[in-house]
Structure formats: C-alpha cells, structure tokens
Amino acid sequence: VGPSKTDAVWIYTITYGGGLVSGDSVSVELDIGHDCTAVITTQASTKVYKSVEGKCSVQVLEARIGSNALLVIIPDPVTCFSTARYSQKQVFRVASTSSLLLVDWITSGRHQSGEKWDFQLYKSSNQIYLQGEGDQPLFIDSVVLEEGTTAAISERMQGYQVIAMVVLLGLVLIMIKMHCLLECRPKLKQIQDQVQENVRKMMAEQLHHSGVRGHNKANSGHSIGKPLFLASCSTFGPKFEKKTSQGYLKVQCDPVAQKARHKGVGVVVRIAATTTESVYKFLEHQLGGMESLLGVAPYRG
Amino acid sequence: MLAQSWLCKDVVVMLAFDVVGTLRTRRDEDCNLKLWLWVRELKNFWREGLLFVQREEEEEGISPDVLGSSVLRGCAIAPMEDQGELVEKNKSIAPREALLQWSEWQLLDSILPTGGFAHSFGLEAAIQACIISDPEDLKTYIVHVLDNTGSLLLPFVYSATVSPTMANWHKLEKLLDATLTNEVGRKASTSQGSALMRVAAAVFTEIPSLKMMRDASLGSGAVSFHHAPVFGLICGLLGLGSGASQRAYMFITMRDIISAATRLNLVGPLGAAVMQHQIASVAEELSKKWMDRKVDEACQCTPLLDTVQGCHRYLFSRLFCS
C-alpha cells in the first residue's frame, strides 16, 4: 500500500455483494505479533440490508496485540438500511506497550432515499482489556440503538446524521530502577496530544460563538442552529497512585530487582455530525500524523 | 425488602414481601444483619402457622426448616384466626419498616449533602450548543438522559443492591470505571459517589459495615467511589428492595437535572415541579424497561449525550462542574 520501507501490513475486509444481508455472521480473529503493525480497513462503507424474519447481521472481531505492536482499525462507516438489524462486537486484548487506533462509526442510512435512522437495531460493543492478572478492563463501550416505544432513534440524534468514535490507546511500560524513572514514549502520544488540543480549540470557538449568538437571540431574532459538527475528547486508563512534588514516581522497591508499572493513556473522541464528508475530513486531518507509522495516511482522498 | 401489611375486611391478612438475597443459617460478616433479624422474626410467625410462604415459581408452600440457603420472593398469606393478636404482631414489625421509610426519604432528599447540585448532566453544554432552547426541548432532553441512565447505570445499582458485599462492590467499581469513558461524566460520578459514601457512613451508624467498607476502600486506593454502585450498596445495606433502589436512582437523576434547569433559567421553579410530575410516568416506564439487568448488558442508548456532556470542558463560561 505505501512505500516499501514502512513495515506495516494493510488488510482489507471485503464481503461478497458489498454488504451484509440479514442473518449474515462474520467472525474475525487477529493476532498481532510483537513489534508488528497491522491496519484493518474496508473498501467502502459496510451496508447492512433489511432484516428478514427478524434476523440480525453480526460481526465479531477478536484481536490480541503483542508488545510494542500497533493495530489500526480504520473502516468506512456502517450504514444500516431501513428495518435492518445489526450487531457488532470488537474485543481487544492488549499487552504492555501495545498501541491501538480504533475508529467505529455509523451513518443514518440512505439519505437520498430519505432513510434517516430508519433501522430496527444497531448494537456496537468495543472492549479493551489489559492482559495478565485477570484481564483488567480498560475501556468498555456499548452503544445500542433500538427502535422502540420511548423515543425514536431519529429523535435521540437531534438532526445529526453521523456518529463516530475514535479511540487512541498507547500503553507505556514504566521501568523503575532504584528511584529513577525511565519512560518510553508510546507511538501514538503525539497524535493523542494533538487531537485533544485541536478538538478543544475547535469546540471552544464554536461554543463561544453559539453562546454569544444565543445571548443576542432576543435582539437579532435569528434562529440559532446547533453546531454542524460536535466533538469531545476524554482520556481514560489506569492512573498512577503516587506522585511526589518533584514529579517523579517514588516507589518502595527492592534496589536489586526492577519493578514495572503500567500507565495507560487512552484518548477517546466522540463525534456527532450532520454530514459524512465532514467526519471523513476530520479523520483525515487528525490522523494525518499516522503516515510515518503506516506508510499512507488514513482516510486520505 | 419491603414489607407492608394491610388489614382488610376479609379474614385474610396479606403480608407481601420481596426478600431477595441469600439467607444463611449462620450469620457471617457479609450478611445483612437487619435482613437476618427480620426473617428470624418472620420465621416465628411461619412456624406458628400464621404465615404461609410460597416461592414464586412453585405451587406448594415451603417449610421453615427447608430455609437454609435460598432466595425467597413471594407473597405470604396469613389466615386470620385472631385479628387482634395479628394487629399486635404487626405493630412490632411496623416500627422497623416505618423507620426504613424515614431513611429512604432522607436518602432521596436533595438536602442530603452529596454535592449533586454541582452537576448538570450535560445540560449546560447542551444549552450552549443550542440543542436545548425551550422547555419542550428540556423535557425531551431529560427523558433521553433518564433513558441513558437506565441503560448504562441501573445494572450497577441493581447488582450492588442485591449483593451489597465489599467484593461485589469493588468488582462493579472497576467495571464502571472502564465503562464511563466520558471524563466529565466519570469525574461527576466519583465526586458524587465519594460524597454520598462519606455522608452515609456518618449518618447510618446502625450499619457499621458502611464505615468499615469505606475506610478499607479509601486505604487501598483501588476504588473510585462511583455514584451508581455506592448508591446501590447503601440501599442494599439499608434493606431497600432492588425495585425501590433502582427507581430511587432514576428519581434522584431526574431531581438533579430539573434542579439544574431551574438554576440555568430554562424553567421556573413552579414550571419545574409541573414538568417533574409530567415526566414521572415516563420515568416509571423507563425504570421498568431497564431494571434488573446484568452489568455486562450495560450500554448507552443515546450516544449524543456522551458527546454533548464531553463538551462541558470547552465552555467559555460555566456554572456547573459538569
């Protein structure tokens, strides 16, 4: 895919007929070896056709990521057609020093045909566990959109046509020797910091303007719209217990033996947008820094 | 567990109770002391033939000697031989249940100093993002938040109430910490939860295990004191049934958003009270829909809320912490 000197494997998942039919079940297992880099992507959006006899289309992905390895999952969005039923589950087991970039997103349907959030069921579950000592849960997210009695899915979406989630996880193994601290910079740290800063700037500006316009609502008489693109960032992951005033981590440890601690810093970005193009642009812009690791930048073009 | 007794005109007194939990023949540290004492008293009625206990799924009744370790849920019907005697006996049960009512009301009262007033559940961000502009939007928003609370948090309240042990509570805490991926929501949960735990340990001194669990968990540092599990734990130890505790959690969520709405000037105090009553029937439907589920079924049903709540940190000026 990219220049040959970049050591990354690109895998395209392809289905016959360009979509999932009611009752289809797809199961994928991945094992990313130590120091390896793999990219999973799609050729086009995943279309889920209408449900027949109440059957569901299911996709399951189970991945194990080795030490110092990077797994990147950058698909096109899922599009559920009218009355479709779709369920997906993605479970990632990571080791110390693993990295993961995961994009999971869905559009409201075939806008041209007027299908907006017209499906019966969409379930997406993403789970990340840290291997060892009983698989500690790091990130568990489940979204269930089901057409039901309380509120229609379209009402819950308040006019937004696309929702997306981007997870950037980069684990760092801190080696503690005597009282010194050696830290290896994880692969995604720079992108994580950049994305958080970019989103903060973009949203602060938008909300500031909305706030000002709202304040002037009485005077101008204009109708105020929601932002066309809404995003927010959060960090997640295990924290350190102790931090001294000097900023170093001081731990009581055997001066001879080395003790290792895990520091997981993950960043999750949640997006709601009115157009698919705006999300593609956002992803291309924010993930551009991945080019050096992957050979080609995700979502380019 | 809820026990109410009615005296009807007929010769049947119905003692309806919902005792869910494991009853052991011996008391152990994890067993709810109140529950144990209450059932022991009930067993006397049982043996005296004044009470007929039936398990929900079975047709026949069960004998008090079979008790051992089992789950009891059902309806006890007592044939009234002597109404007067039963009235006397009922009076001895009543004070305990009545006292539980007072504790329940105190737990749900907004004057309990848990800091709930500092959080708007994403309302402030939603207003500034122009997603809410009038009281109708507000009503819709509240219903969505309650729906999402039900789908995401009620399973944790349920599990903690039904099994109010330290081991289970710690397990729920770890899981919820990984599930609350929104930083703003997560911080709000831990600040409310730790305040609630502190207050409950000081207030409900008749339950020494509350203080004991709190002190032990503070020391270890492994527990974040999330609001939902702590709330469920307290309800379970107080003796509230799982139905009551889950409804109560939905109630306090609704109470806090409506309170935030009045302070954000979206609705006046009287309008807020009217709205609260109007939403009550929807809240009940949602409580019934999402209650009694397992924690691995916990999910978000309104993902837009997560995005909006996360924007709270980007607000130029804000009144609330979250």
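1. A salt bridge is a side-chain nitrogen of Lys or Arg within 4 Å of a carboxyl oxygen of Asp or Glu. Between chain B and chain A the count is 2 salt bridges. Over all chains, a search of the whole structure finds 16 salt bridges.

2. Some ground rules. This is a predicted model, in which local features need pLDDT of at least 70, side-chain atom pairs count only at pLDDT 80 or more, and totals for chains, interfaces and linings use all residues. Residues are numbered from 1 along each chain as its sequence is written, chains are lettered from A and ligands numbered from 1 in the order in which they are written, and side-chain values use heavy atoms, with hydrogens and water left out.

3. The interface. On the chain B side, 37 residues are in contact with 42 residues of chain A; contact means heavy atoms within 4.5 Å. The buried area between chain B and chain A is about 3,300 Å², and carbon and sulfur atoms give 60% of that. Buried area is the accessible area (1.4 Å probe) that two parts lose on being put together, summed over both. In chain B, Thr181(B), Leu304(B) and Tyr314(B) lose the most area to chain A. Together they account for 21% of what that side buries.

4. Polar pairs across the interface. There are 14 residue pairs in polar contact between chain B and chain A, both residues at pLDDT 80 or more. A polar contact is a pair of N or O atoms within 3.5 Å; within protein, one must be able to donate a hydrogen and the other to accept it, and residues adjacent in sequence count only if both atoms are side-chain atoms.

5. Which elements of chain B give two or more residues to the side that touches chain A? They are helix 4 (135–162), helix 5 (166–179), helix 6 (183–203), helix 10 (269–290) and helix 11 (303–310). Helices (H or I, at least four residues) and strands (E, at least two) are DSSP runs, numbered from the N terminus. Helix 11 of chain B gives the most, with 6 residues. By class, this side of chain B has 18 nonpolar, 11 polar and 8 charged residues. Here Ala, Val, Leu, Ile, Met, Phe, Trp, Tyr, Cys and Pro count as nonpolar, Asp, Glu, Lys and Arg as charged, and the others, Gly among them, as polar.

6. Helix 11 of chain B deserves a look. Of its 8 residues, 8 are buried, so helix 11 is largely enclosed by the rest of the structure. Buried means under 20% relative accessible area, exposed over 50%, and partly exposed in between (1.4 Å probe, protein chains only). Among the buried residues of helix 11 are Pro303(B), Leu304(B), Asp306(B) and Gly310(B).

7. What does Asp306(B) pair with in a salt bridge? Its partner is Arg270(A), with the closest N and O atoms 3.2 Å apart. Asp306(B) lies in helix 11 of chain B and Arg270(A) in strand 16 (residues 259–273) of chain A, so the pair joins two chains. Both Asp306(B) and Arg270(A) are buried. Asp141(A) also belongs here: Asp141(A), Arg270(A) and Asp306(B) are linked in a network of salt bridges.

8. Chain A as a whole. Chain A has 5 helices and 16 strands. Of its 301 residues, 46% count as buried. Among contacts in chain A with a separation of 6 or more, residues 24 or more positions apart account for 81%. Chain A exposes about 14,600 Å², of which carbon and sulfur atoms supply 51%. Accessible areas come from the Shrake-Rupley method with a 1.4 Å probe; for residues, only the protein chains shown count as cover.

9. Two salt bridges within chain A. Arg110(A) and Glu115(A) meet through their side chains at 3.0 Å, N to O. Arg110(A) is partly exposed, at 33% relative accessible area, while Glu115(A) is buried, at 10%. Glu291(A) and Arg300(A) form a salt bridge at 3.5 Å, N to O. Glu291(A) is partly exposed, with 35% relative accessibility.

10. Is His226(B) buried or exposed? His226(B) is buried, with a relative accessible area of 0%. The residue lies in the loop between helix 7 (208–220) and helix 8 (227–238) of chain B. Its side chain makes a polar contact of 2.9 Å with that of Ser189(B). Leaving aside neighbours within four places in sequence, His226(B) is in contact with residues including Glu173(B), Asp177(B), Arg186(B) and Thr190(B).

11. Val162(B) sits in helix 4 of chain B. Val162(B) is partly exposed, with a relative accessible area of 29%. Val162(B) and Gln128(B) are 34 residues apart in sequence and 40 Å apart in space, C-alpha to C-alpha.
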